[in-house]
Structures are given as C-alpha cells and as structure tokens.
Amino acid sequence: MPGDRNSSRVFCSETHDIWLIRWGAGSSTELHDHGDSAGALYVVGGELVEHRPNPAGRGRTLRRVLRQLDDRPMAPSHIHEIANESDTVATSVHVYSPPWATIHHFDFTPDSEHRMIRRESRPQARIRVRMKPRTVDELIDAARASLHRVTAIEARDATANGALLVDTRGSELRERDGKIPGALVIDRNVLEWRLDPASAHHTPEITSHEQQIIVFCNEGYASSLAAQSLQDLGLHNATDLIGGIQAWIAAGLPIDPAG
C-alpha cells in the first residue's frame with residue numbers, strides 16, 4: 001500500500017544482522033540513528049532519498065538520492081531519515097554490526113538544530129548474543145551521546161524556569177558539601193520509581209514525561225548513567241549537570257548547609 005513500510009529480519013548472528021525493507025510510495029522514517037551499531041544500506045530496487053542534518057547549519061537537511069545498487073555506509077553516530085519520494089515501490093537491504101536493539105529519534109529545534117526526542121528499544125531486535133564487554137567509561141560516553149548536558153550556570157537558569165534539579169548523592173556527601181537550594185533529594189537506588197510519572201511511587205514534583213529534569217551527583221559521572229536511565233523511561237528532557245555539585249560550588253552558586 002502507498003505510504004506503508006514493511007521490514008523483516010532475514011539473518012542474525014552474534015556479530016551482525018540483516019534486514020529487508022519494502023518501501024511503499026511516499027513512505028518514510030523519522031530522523032533517527034541506530035544506537036551503538038554501525039551499518040550499511042543497499043538499494044536493491046527502486047530509488048530512495050536520504051535526508052541528514054546539515055553540519056554547516058545552512059538549512060535543516062542535506063539531501064542525497066540513492067538509486068538501485070547504490071550503498072550507504074553508516075557509522076554509529078549517523079543520523080538520517082530515509083524516504084521513498086517516488087510513486088513506485090522501493091526495496092533495500094540493511095546490515096548492522098553489532099545487531100541493533102536501540103534507536104534514537106530526533107527532531108529539529110526552531111533554529112534548525114537537531115535534538116533527541118526519545119530513545120526506543122525495539123522488541124523485535126532483542127536477541128540473545130554475547131557482546132564484547134564495555135568499560136564503564138564507554139558506557140558513560142554512550143550515555144552522554146544522547147544527553148544535552150548542562151553547566152552549573154545553565155542548570156541554575158533552567159531551575160528558575162521550572163526544571164527539576166535532582167540530587168542523587170549519598171548522605172555523607174551531602175553532609176560534607178551541603179545542598180543546592182531547592183534541589184529534590186532522591187537516592188539513586190529508587191530514582192526511576194520516584195521520577196517515572198507512571199509509577200505508583202512517583203514523587204509529586206514529577207508531573208509529566210515532558211518535564212525537564214537535571215540530575216547531579218558529586219562530579220558528574222554517575223549522573224550521566226542515571227539521566228540515560230530516565231530517558232529510557234520516556235523522560236525525554238532528562239539530562240545531568242556537568243561536573244556535578246563540585247562544578248556548582250566552583251561557579252560560586254548558592255549552597256545550603258546539610259541538615
């Protein structure tokens with residue numbers, strides 16, 4: 001049918017998977033990437049058009065026509081949308097390594113910059129494979145790739161405009177360094193339950209999935225993983241404070257004594 005897009009996985013191993021996609025006339029994707037997976041797209045029938053954010057900032061997208069037998073390599077950071085702008089069916093083959101299970105969706109801000117709007121795990125992509133172990137630094141880097149992290153000054157200004165500042169430090173660190181005025185204290189081990197609007201145990205300060213949440217810890221490492229976890233819950237505007245409370249203190253911003 002015109003406008004329909006049908007995909008099916010035709011092969012999967014521990015190292016890569018292969019998808020076949022049939023594009024009805026006028027069908028398209030959202031602006032997206034493929035998480036931590038690299039890949040390649042091959043047009044085997046018809047014609048597709050790729051739109052990408054323009055890194056030079058001149059206009060919203062770059063346009064590239066992909067004709068039959070054309071291929072398009074894609075790095076893990078590759079953001080694009082694909083469309084069949086013709087009036088006939090197109091077919092493509094997509095190869096990903098490692099097999100992909102996560103997709104990030106984006107849209108454009110009024111000044112034509114792209115921003116992530118949600119992170120989605122695709123059920124049909126969840127497979128049991130033994131992946132290469134990653135270091136904690138690699139996990140933090142991957143988390144930060146989906147965050148628009150903020151400085152101490154930006155966090156202060158955001159809270160003045162209604163953002164929720166959340167302190168996940170333990171009591172010993174709060175006793176040592178004090179507290180940021182107005183910050184909501186939530187232990188890291190219950191963070192998701194307290195900030196998920198759909199949870200029966202959510203705090204009254206959280207009112208919607210669109211609320212801006214800024215998580216902070218001591219130096220801004222654990223908070224990045226916590227913010228990504230909140231994004232996985234659909235809190236698309238969750239992020240963290242660069243440098244944690246130590247950056248807040250260094251910026252000379254207000255601190256209340258613990259107690």
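Student: Is Trp100 buried or exposed in this thing?
Tutor: Buried: in this predicted model, Trp100 has a relative accessible area of 8%. Anything under 20% counts as buried.

Student: OK, and which ring sits edge-to-face with Trp100?
Tutor: That's Tyr96. The two ring centres are 5.6 Å apart, with 70° between the planes. Tyr96 counts as buried too, at 5% relative accessibility.

Student: How many aromatic pairs are there in the whole structure?
Tutor: A search of the whole structure turns up two. Besides the Tyr96 pair, there's Trp19 with Trp100: their ring centres are 6.0 Å apart and the planes meet at 40°, so that pair is tilted.

Student: Where do Trp19 and Trp100 lie?
Tutor: Trp19 is in strand β2 (residues 17-23), while Trp100 is in the loop between β9 (90-97) and β10 (102-108). So the pair ties together parts that are 81 residues apart in sequence.

Student: Switching topic: how many residues of helix α5 are buried?
Tutor: Eight of its 11 residues, so α5 (residues 222-232) is mostly covered. Among them are Ser223, Ala226, Ala227 and Leu230.

Student: And what do the buried residues of α5 pack against?
Tutor: Quite a list: strands β11 (114-121), β14 (213-216) and β15 (238-240), plus helices α1 (136-144) and α4 (191-195).

Student: What about Gly234, is its phi positive or negative?
Tutor: Positive, near 95°. Gly234 follows α5.

Note on methods: Residues are numbered from 1 along each chain as its sequence is written. This is a predicted model: local features need pLDDT of at least 70, side-chain atom pairs count only at pLDDT 80 or more; totals for chains, interfaces and linings use all residues. Side-chain values use heavy atoms; hydrogens and water are left out. Rings of Phe, Tyr and Trp (its six-membered ring) pair if their centres lie within 6.5 Å; planes under 30 degrees apart count as stacked, over 60 as edge-to-face and the rest as tilted. Helices (H or I, at least four residues) and strands (E, at least two) are DSSP runs, numbered from the N terminus. Buried means under 20% relative accessible area, exposed over 50%, partly exposed in between (1.4 Å probe, protein chains only). Contact means heavy atoms within 4.5 Å.
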